[in-house]
Amino acid sequence: MLLLNPGPVNLTERVRRSLLQADLCHRESEFYDLQDEARTRLLATYDLDPAQWQAVLMTASGTAAVESMVAALVPERGRVLVVENGVYGERIAQICARYGIPHERFIGSWMVAPDLDEIAARLAAPDAHERFTHLAVVHHETTTGRLNDLPALSRLCRQGNVKLLLDGVSSFGAEAIDFSDPSLDAVAATANKCLHGVPGAAFVIARRSSLAAAASRTFYLDLGRLATLQDQRGTPFTPAVHAYYALVEALKEFAEEGGRTARHARYAALASQVRTGLAKLGIRSLLPSGESSVVLCAYHLPQGMSYSTLHDALKTEGFVIYAGQGDLSKTLFRISTMGNLSAQDMQRLIACFAGLSAG
Ligand SMILES: Cc1ncc(COP(=O)(O)O)c(C=O)c1O
């Protein structure tokens with residue numbers, strides 16, 4: 001089955017085989033070597049200086065990485081402006097609400113880019129009580145495929161002297177993130193999307209200076225504690241050892257294939273092949289390619305066809321696609337081109353769509 005959903009992704013045989021390595025006790029040096037390698041390789045994906053940045057691993061999914069980031073890095077007296085233009089932005093606000101973290105929601109349309117002037121105005125609140133300390137945003141809003149304008153949002157953070165917390169769950173490894181931006185505090189992500197590992201390992205790349213001041217509101221996902229113990233070759237709990245095996249192998253493969261620029265180019269080529277092929281059949285993308293990530297593209301459902309009919313027909317041909325979220329499930333479907341997919345696979349997919357239109 002070819003997975004065109006936005007993670008978990010199809011594995012390469014090499015990564016799948018890595019799951020069959022020796023059983024490991026997580027209190028032995030062999031596990032700490034594995035953990036160290038995963039953390040070093042994660043920093044290398046964006047050429048980060050380990051003296052400034054720390055990769056903090058956790059056994060969890062992407063949401064937990066976002067949750068641990070927000071729950072630890074916003075201080076007691078902090079205040080967050082959450083940019084919401086999709087389901088995952090809404091989720092950050094839900095996390096803030098659950099922990100009682102002072103926050104406001106910047107609710108933008110899902111269909112157009114967030115209004116930067118309005119965000120700048122909200123960040124420039126003159127009253128000290130109203131001042132935001134952090135902006136939290138999703139880099140690639142997987143709900144619609146929109147790639148939020150990270151350079152512009154970073155600029156607003158610098159101007160407003162606000163720190164940036166980024167949900168990079170569906171962009172890390174394939175889209176550009178400027179870690180030299182002094183406002184960027186941390187990025188949360190996961191192993192089983194653009195890095196092509198398996199579900200079970202997630203991580204936060206955080207500034208060491210921010211981690212040193214972190215005070216988490218959660219026990220299991222305490223980012224500061226995880227960071228300190230991992231630096232000391234330790235771990236507080238039982239990690240998903242096999243998911244870490246797969247992450248390391250996936251990161252080796254990622255580096256050998258040319259790193260994030262190559263991964264971006266590979267996704268861009270597959271996404272453009274699908275977009276062009278479907279356009280010829282009259283199936284329109286939701287966003288123009290300049291506003292969409294290379295990771296996932298949302299499309300309008302073909303005239304007169306429900307999502308479930310389309311989904312089931314493609315599944316019998318060996319493809320899993322994804323519905324739109326919320327109300328969009330009635331009008332949209334989504335195709336992600338992450339994972340071990342080839343141009344031939346996409347050609348066959350387009351041929352299946354052509355068969356459906358003809359039938
Ligand atoms: C941008 C973004 N954030 C968070 C998540 C949640 O990740 P998970 O389902 O691994 O918890 C997803 C999942 O697709 C996502 O795309």
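This is a predicted model: local features need pLDDT of at least 70, side-chain atom pairs count only at pLDDT 80 or more; totals for chains, interfaces and linings use all residues.
Biologist: Is the peptide bond from Gly 7 to Pro 8 cis or trans?

Modeller: Most peptide bonds are trans. The bond from Gly 7 to Pro 8 has omega near -5 degrees, and that bond is cis.

Biologist: Which loop contains Asp 47, and what is the phi of Asp 47?

Modeller: Asp 47 belongs to the loop between α2 (29-44) and β2. Most residues other than glycine have a negative phi. Asp 47 is not a glycine, yet its phi is positive, at about 50 degrees.

Biologist: What volume does the largest pocket have?

Modeller: A pocket is an open set of points on a 1 Å grid over the protein atoms alone, with protein on both sides within 12 Å along at least five of seven lines. Its volume is the space filled by probe spheres set on the points, which are joined across faces, edges and corners. For the largest pocket this comes to about 370 Å³.

Biologist: Which residues are closest to the centre of the largest pocket?

Modeller: Lining residues have an atom within 4 Å of a point. The largest pocket has 23 of them, and those closest to its centre are Thr 63, Tyr 88, Arg 91, Val 169 and Lys 193.

Biologist: Which element supplies the largest share of the lining of the largest pocket?

Modeller: Both α3 (62-73) and α4 (87-99) give at least two residues to this lining. The largest share is four residues, and it comes from α4.

Biologist: Where does the ligand sit?

Modeller: A molecule sits in a pocket if more than half of its atoms lie within 2 Å of the pocket's grid points. Here the ligand sits in the largest pocket.

Biologist: How many charged residues are in the shell around the ligand?

Modeller: Residues of the shell have a heavy atom within 4 Å of the molecule, and among them are Ser 61, His 140 and Lys 193. Asp, Glu, Lys and Arg count as charged; Ala, Val, Leu, Ile, Met, Phe, Trp, Tyr, Cys and Pro as nonpolar; the others, Gly among them, as polar. The shell divides into three nonpolar and six polar residues, and the charged ones number three.

Biologist: Which strand gives the most to the lining of the largest cavity?

Modeller: A cavity is a set of points where a 1.4 Å probe fits but cannot get out; the structure holds two of 30 Å³ or more. The largest has a volume of about 90 Å³, and its 14 lining residues include Met 58, Thr 59 and Phe 237. Nine of the lining residues are nonpolar, five polar and none charged. Both β2 (53-60) and α8 (223-231) supply at least two residues, and the most, three, come from β2.

Biologist: Which element gives the largest share of the lining of the second largest cavity?

Modeller: This cavity holds about 50 Å³, and its lining has eight nonpolar, three polar and no charged residues. At least two residues each come from α10 (259-280), β11 (296-300) and β14 (332-336). The largest share, three residues, is that of β11.

Key. Residues are numbered from 1 along each chain as its sequence is written. Side-chain values use heavy atoms; hydrogens and water are left out.
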